[in-house]
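Please open the model in a viewer and keep the sequence panel at hand. The stops below are arranged so that each selection leads to the next.

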Amino acid sequence: ELVAALPEPQSFRDDIHVLRGSRAALITLSDLRTPVRVVVQPLDGAASHVVLTSAGFARYVASARQLVFQSGDRRGAARLASVPFDLESLRVAGPVTPLDVDASKFVVSSNGTLVHVANPVELVRIYRVGRRVPVGTLPSSASTPRISPDGRRVAFVSHGLWVTLLDKP
């Protein structure tokens, strides 16, 4: 079932995040004329709207009612940021807060645990208060980290699919 047709030359950036508790998805879009942006696409076919510009790969953290997303800075480096998000209106509901986190590879569990791959490929647990705890290193070829719903394990790809246990929170 087609729920959104995009005019050319817009393209998906290999990222769609369905919002639980809502009939909508966050989609990262890009084209040659405008910066990367995150749009909300209702799944009932209604019109989409931009919620973040110069941003991508947004994830909704229900426990904090926040979007966590990649945000480019003036130097072109991708960093993580968060912003309050209203799931009913599907709109940003406050100011953006930059996070001191490299945004190249990250995942957020449904309970709000954020894990990212830092350089040189270090797995780091970041708590909402900003405390960072290294939990191990991954092979240099590691990509696509995904955290389990309980926040205790991380799966990643590195010439196969791997799962590793995280240290206790």
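Predicted model: local features only at pLDDT ≥ 70, side-chain atom pairs only at ≥ 80, totals over all residues.

**The whole chain**

Display the protein chain as a cartoon and colour it by secondary structure. It contains zero helices and 16 strands. Of its 169 residues, 41% are buried. Among the chain's contacts with a separation of 6 or more, 29% join residues 24 or more positions apart.

**The largest nonpolar core**

In soluble globular proteins, nonpolar side chains tend to be buried together. Select L26, L52, L67, F69 and F85 and show their side chains. Within the largest nonpolar core, which has 16 residues, these five touch the most other members. At least two residues of this core come from each of β2 (24-30), β3 (37-42), β4 (49-53), β5 (55-61), β6 (66-72) and β7 (78-86).

Now centre the view on F69. Which residues is F69 in contact with, leaving aside its neighbours within four places in sequence? The set comprises L52, A55, G56, F57, A58, R79, L80, A81, S82, V83, V96 and F106.

Select V107, V115, L138 and L166 next. They are among the ten residues of another core, which lies apart from the largest one.

**The β12-β13 hairpin**

Move to residues 122-126 and 132-137, which are strands β12 and β13; they run antiparallel and are joined by five bridges. Within this pair, R125 stands opposite V133 in β13. The two strands form a hairpin with five residues between them. In the turn, select G130, whose phi is positive at about 100 degrees.

Strands of a sheet pair through backbone hydrogen bonds, either parallel or antiparallel. Select β14, β15 and β16, which form an open sheet in that order with antiparallel pairing. What stands at the edges of this sheet? The edge positions belong to β14 (143-147) and β16 (161-165); each has a single partner strand, so one side of each is left without a neighbour in the sheet. On average, neighbouring strands here are turned by 25 degrees against each other, direction ignored.

Zoom in on β14 and on β15 (residues 153-157), which are joined by three bridges. Here R146 stands opposite A155 in β15.

**The salt bridge**

Side chains of opposite charge can pair when their charged atoms come close. The count for this model is one salt bridge. To find the pair, select D150 and R153, whose closest N and O atoms are 3.5 Å apart. Both partners are partly exposed, D150 at 36% relative accessibility and R153 at 35%.

**Two loop residues with positive phi**

Most residues other than glycine have a negative phi, and most peptide bonds are trans. Select R65, in the loop between β5 and β6; its phi is positive, near 50 degrees. Then select L90, in the loop between β7 and β8 (91-92), where phi is also positive, at about 60 degrees.

Is each of these residues buried or exposed? R65 is exposed, with a relative accessible area of 61%. L90 is buried because its relative accessible area is 11%, under the 20% cut-off.

Note on methods
Residues numbered from 1 in each chain as written. Heavy atoms only, no water. Core = buried A, V, L, I, M, F, W, Y, C linked by side-chain atoms within 4.5 Å. Buried < 20%, exposed > 50% of the residue type's maximum accessible area, 1.4 Å probe, protein only. Helix = DSSP H or I, 4+ residues; strand = E, 2+ residues; numbered from the N terminus. Contact = heavy atoms within 4.5 Å. Salt bridge = Lys/Arg side-chain N within 4 Å of Asp/Glu carboxyl O. Pairing = 2+ DSSP bridges. Axes fitted to C-alpha atoms, helices over the stretch in contact; angles between N-to-C directions.
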